[in-house]
Amino acid sequence: MNILLIGSGGREHALAWKMAASPLCDRLYCAPGNAGIAREAELAAIDITDHPAVIALCKAKKIDFVVVGPEAPLCAGIVDDLEAAGFKTFGPTKFAAQLEGSKGFTKDLCKANNIPTAAYERFTSAEAAKAYVRQQGMPIVIKADGLAAGKGVVIPQTLDEALAAVDMMFGGGLGEAGAEVVVEEFLAGEEASFFALCDGESAIALASAQDHKRVGDGDVGPNTGGMGAYSPAPVMTPELTRRAMDEIVIPTVRAMKAIGHPYKGVLYAGLMITAQGPKLIEYNARFGDPETQVLMLRLMSDLVPALLACRDGVLKSFDLRWYPDPALTVVMAAKGYPGNYARGSVIEGLDAAGEIEGVEVFHAGTKADGGKIVANGGRVLNVSALGKTVSEAQARAYQAVDRIRWPEGFCRRDIGWQAIKREKSG
Ligand code: AMP
């Protein structure tokens, strides 16, 4: 098959690395890709928001299957447009992608189907939202309805901060995403990322993973897209996995089918493991980044037939096998991220880093410039490793990090600390 992958981040490099290894894959293309993906796929420098251009590329390259990585093209309806043009595509339709694109849509679906999630109300005016916030009191969570690149959730420390967050969102601080606001109950517990492949009717769980959202060691500082991840996540016991499937993922797949919009693709559930069991914090309609980087290292089975089975609605008889070894990834970011940062600094030592046993260096934001690799984003590299234990995977990843010469970059030094603490305590 000729396969086209859409996207340009570390998630897409990991997917490209895995798909390129499939005996089913003849030629792999990626639009727009990055300098690391160029090792696995032929890059196509097109604008992926231009759907006719993507369709023209599919025709020119005789593409048999398209895999969409990021949420923006899914929410823009790229799957609908490609399927209408006759190209098999992995990912949810524009309607189904509302599970990620609209928090209000998801909350209403949960309420109607008894799917456990935080209690909430939706608002379209600041006054009504503030009155509700005052009535509920602290702690409370304020969320913009739409896609806000990870900035749409405020967990205020004080009532004044809560009211200010409402005003900021309705005042246009997050653009269109804040035109509607969801105010919800604060959930206490440990978080876990839970992934399932869905074919519109059934779903199978992927291995568990946990990411580190805060920029600083010890999980402090501003939120980011993710500074590192590891798999498996010890918090997701087999019993909790069963409950997450039975109480959250399967009812969602059934509900989407019942409203005439079957969900096909990856369903990424952000869960809070509360005293009452798993509760849904949010859905994403695509693979997690950087969780995918560790999942792909641990996946023993071929990814391509699994993604095809989702598209074709034949996932039922499917099973995936995983290496038991843990995997861990460290994100190297440009200094200043998640605030302002510079592009264009030169990165060296990547080959030496990749020579360490069990290590794969995935590129997240790089481009080739002459013979050099230069930084081209906030999150730039995902230095990833397998090991017999989380401690070994972590040691290998940081050994690789230390071989990379990039003075303009930084990383956290404690990725996986909770899992290692559990490992050491027995
Ligand atoms: P979201 O974008 O919805 O995943 O929210 C970002 C982060 O905010 C989550 O990963 C949680 O850490 C936190 N969060 C969101 N909703 C809640 C909630 N209802 N209770 C506690 N924490 C929350």
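Against which elements do the buried residues of α2 pack? The views below take up this question and then turn to a pair of helices. The model is predicted, with local features requiring pLDDT of at least 70 and side-chain atom pairs counting only at pLDDT 80 or more, while totals for chains, interfaces and linings use all residues. Residues are numbered from 1 along each chain as its sequence is written, and side-chain values use heavy atoms, leaving out hydrogens and water.

**View 1. The buried side of helix α2 (residues 51–60).** His 51, Val 54, Ile 55, Leu 57 and Cys 58 are buried (under 20% relative accessible area, 1.4 Å probe, protein chains only). Down the axis of α2 these residues fall within an arc of 155°, so they line one face of the helix. They pack against β1 (2–7), β2 (27–32), β4 (65–68) and α4 (78–84), with contact meaning heavy atoms within 4.5 Å.

**View 2. The opposite face of α2 and the residue after the helix.** Pro 52, Lys 59 and Ala 60 are exposed on the face turned away from the buried side (exposed: over 50%). Lys 62, which follows α2, has a positive phi near 50°.

**View 3. Helix α7 (residues 126–136) with helix α8 (residues 159–170).** The two axes come within 10 Å and cross at roughly 160° (lines fitted to C-alpha atoms over the stretch in contact, angles from 0 to 180 degrees between N-to-C directions). The helices are therefore roughly antiparallel (over 145 degrees). The contact is made by Ala 126, Ala 129, Lys 130, Val 133 and Arg 134 of α7 and by Leu 159, Ala 162, Leu 163, Val 166, Asp 167 and Phe 170 of α8.

Terms used: Helix = DSSP H or I, 4+ residues; strand = E, 2+ residues; numbered from the N terminus. Parallel < 35°, antiparallel > 145°, perpendicular 65-115°, else oblique. Arc of directions from axis to C-beta.
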